[in-house]
Amino acid sequence: KYLSTFIKTLKYMRSPPTPEMATQEVPLNETLAHLKTESETLKSKLEEERAKLHDVELHQVAEKVEGLGQFVMKTRRTLKGHGNKVLCMDWCKDKRRIVSSSQDGKVIVWDAFTTNKEHAVTMPCTWVMACAYAPSGCAVACGGLDNKCSVYPLSLDKNENLAAKKKSVAMHTNYLSACSFTNSDMQILTSSGDGTCALWDVESGQLLQSFHGHAADVLCLDLAPSETGNTFVSGGCDKKANVWDMRSGQCIQSFETHESDINSVRYYPSGDAFASGSDDATCRLYDLRADREVAIYSKDSIIFGVSSVDFSLSGRLLFGGYNDYTINVWDVLKGTRVSILFGHENRVSTLRVSPDGTAFCTGSWDHTLRIWA
Amino acid sequence: NFSVDIFIELRELRVGLFHGSTLKPPPQNKQTKQPQHKQNKGTNPFLDPRGQSSSSIVQARRTVQQLRIEASIERIKVSKASSELMRYCGEHAKNDPLLMGIPASENPFKDKKPCTVL
């Protein structure tokens, strides 16, 4: 923190031209100043327009909704097999298979019902921060410090060497932080430490669209539920959550209320809102049609960052995995915490609810994954 | 990783600070034949105000265009948005296993009680 403040001071000291310079460059500086003024005016107008519609708080409207009772959720399965920190996981559409990736480069496909490992691949890099299951269930994608996203078709033959059929799809200029297949096995969306997101064709490896707008590493992304159309949301180290139009590459909405890096973003099941989890120890809900933050999920006693968030099927519950090894369960409408779950022995790095909502899975730096229900 | 970033940033700033903050030319060695200008036309990007300005303008123009797009979208009141979120929750609550809690017999992850066959 001290270093950041020091750097900010240094940046401030390395300031604009001296007056002599200014007189010789009047045209350029005027245009710049003009643009900056317009920028400030637009920003204030944006805030004004948003504030006009802020007539009530979500939790106030939700007062008439029945409160939730006690929740009994516990670990039903523990998946052991990774030799190092689990960084990411994803469910298969069949609601029972899971792919997970870890710091030591291993990517494992599990049957969550039986806890058996079905496939294992060793990536040529460490810190495999992203992994995703293809909608067909026939392939997985993963990547990390290799700056790439690779797709591995899953073979029915357990003895076959998966690495042999590997296909390199995405190429970024910095680490891969997240990846997701779109509605089909044919396209992958990626986000990277190079500050961009990108859409790729799996077959040819061709870049279909790139998304520029974040001012720092992009850490997470989530695709809108298919009914709501071609958009996705991304969150980054610039504390911004951006909503993008996949076809045009345009950023259509931007939200900047978090006080630190946004580690995870997830759409509300209806597609009209999304939640985010950040290093500032809060989760927040942003409504896309009201174009503003409508809820903050936080407590004074929670001081560790949120690494990942996901909604239950109806959107009433928000699960957050935290760096203090716990999982907090929030009532999305009322803004209160309904449960806190213990079990992991190190920080929770990834959390996803199963496709049919019967359980959720967490991955942790304690090398294990847990299924909760 | 965080400390590496800070180190690199500090190093770059130190260079810029001592050679660029007052926009004076860097210490000229004897081989350099560049005449001394009030406007620095050196190749060091920290010292070329024209270079700085044109890229800043491009950036500022992009920001203004982006803000124009964001400012022009249609918005609804929070009260309306909230009631829509609530309605969705209400409609789908009964199908939400984690919310309602479903019996062990229907949840593949919950252990089933052993049954005796008589």
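In the predicted model, A:Ser339 touches A:Phe71, A:Ile327, A:Asn328 and A:Val329, residues up to four places away in sequence not being counted; contact denotes heavy atoms within 4.5 Å. A:Ser339 is found in strand β25 (residues 337-341) of chain A, strands (E, at least two residues) and helices (H or I, at least four residues) being DSSP runs numbered from the N terminus. A:Ser339 is buried, with a relative accessible area of 11%; buried means under 20% relative accessible area, exposed over 50%, and partly exposed in between (1.4 Å probe, protein chains only). Strand β24 (residues 327-331) of chain A pairs with β25(A) in the antiparallel sense over four bridges, two strands being taken as paired if DSSP finds at least two bridges between them. Within this pairing, A:Ile340 of β25(A) is the bridge partner of A:Asn328. The hairpin of β24(A) and β25(A) has five residues between the strands, and A:Gly335 takes a positive phi near 80 degrees there.

This is a predicted model, in which local features need pLDDT of at least 70 and side-chain atom pairs count only at pLDDT 80 or more, whereas totals for chains, interfaces and linings use all residues; side-chain values use heavy atoms, with hydrogens and water left out. Residues are numbered from 1 along each chain as its sequence is written, while chains are lettered from A and ligands numbered from 1 in the order in which they are written. Chain A has a mean pLDDT of 91, and 91% of its residues reach 70 or more, pLDDT being the predictor's confidence in each residue, from 0 to 100. Over residues 15-26 of chain A the pLDDT is below 50, and this stretch has 14 contacts in the model beyond near neighbours in sequence.

Residues 306-340 of chain A are 0% helix and 60% strand, with the end C-alpha atoms 13 Å apart. For residues 341-373 of chain A, the content is 0% helix and 52% strand, and 11 Å separates the end C-alpha atoms.

Strand β16 (residues 241-245) of chain A is joined to β17(A) by four bridges and runs antiparallel to it, with A:Trp244 opposite A:Cys251. Five residues lie between these strands, and A:Gly249 in the hairpin takes a positive phi near 80 degrees. Four of the five residues of strand β17 (residues 251-255) of chain A are buried, so this strand is largely enclosed by the rest of the structure.

An open sheet of four strands in chain A has the order β10-β11-β12-β13, with antiparallel pairing. Its edge strands, β10 (176-181) and β13 (207-212) of chain A, each pair on one side only. The twist averages 15 degrees from one strand to the next, where axes are lines fitted to C-alpha atoms (for helices over the stretch in contact) and angles run from 0 to 180 degrees between N-to-C directions. Strand β10(A) is linked by five bridges to the antiparallel strand β11 (residues 187-192) of chain A; here A:Cys179 stands opposite A:Thr190.

Over all chains, the structure holds 22 salt bridges, each defined as a side-chain nitrogen of Lys or Arg within 4 Å of a carboxyl oxygen of Asp or Glu. One of these joins A:Asp291 and A:Arg50 (2.9 Å, N to O). This pair links distant parts of the chain, 241 residues apart: A:Asp291 lies in the loop between β20 (283-287) and β21 (292-297) of chain A, and A:Arg50 in helix α3 (residues 26-52) of chain A. Both A:Asp291 and A:Arg50 are buried.

A salt bridge also forms between A:Arg96 and A:Asp111, with the closest N and O atoms 2.5 Å apart. A:Arg96 is in the loop between β2 (86-91) and β3 (97-102) of chain A, and A:Asp111 is in strand β4 (residues 106-111) of chain A. A:Arg96 is partly exposed at 26% relative accessibility, whereas A:Asp111 is buried at 5% relative accessible area.

In chain B, B:Glu84 forms a salt bridge with B:Lys80, the closest N and O atoms lying 3.7 Å apart. Both residues belong to helix α3 (residues 78-92) of chain B, four residues apart, about one turn of the helix. B:Glu84 is partly exposed, with a relative accessible area of 22%, and B:Lys80 is partly exposed at 41% relative accessibility. Salt bridges that share partners join A:Asp272, A:Arg289, B:Lys80, B:Glu84, B:Arg87 and B:Glu91 into one network.
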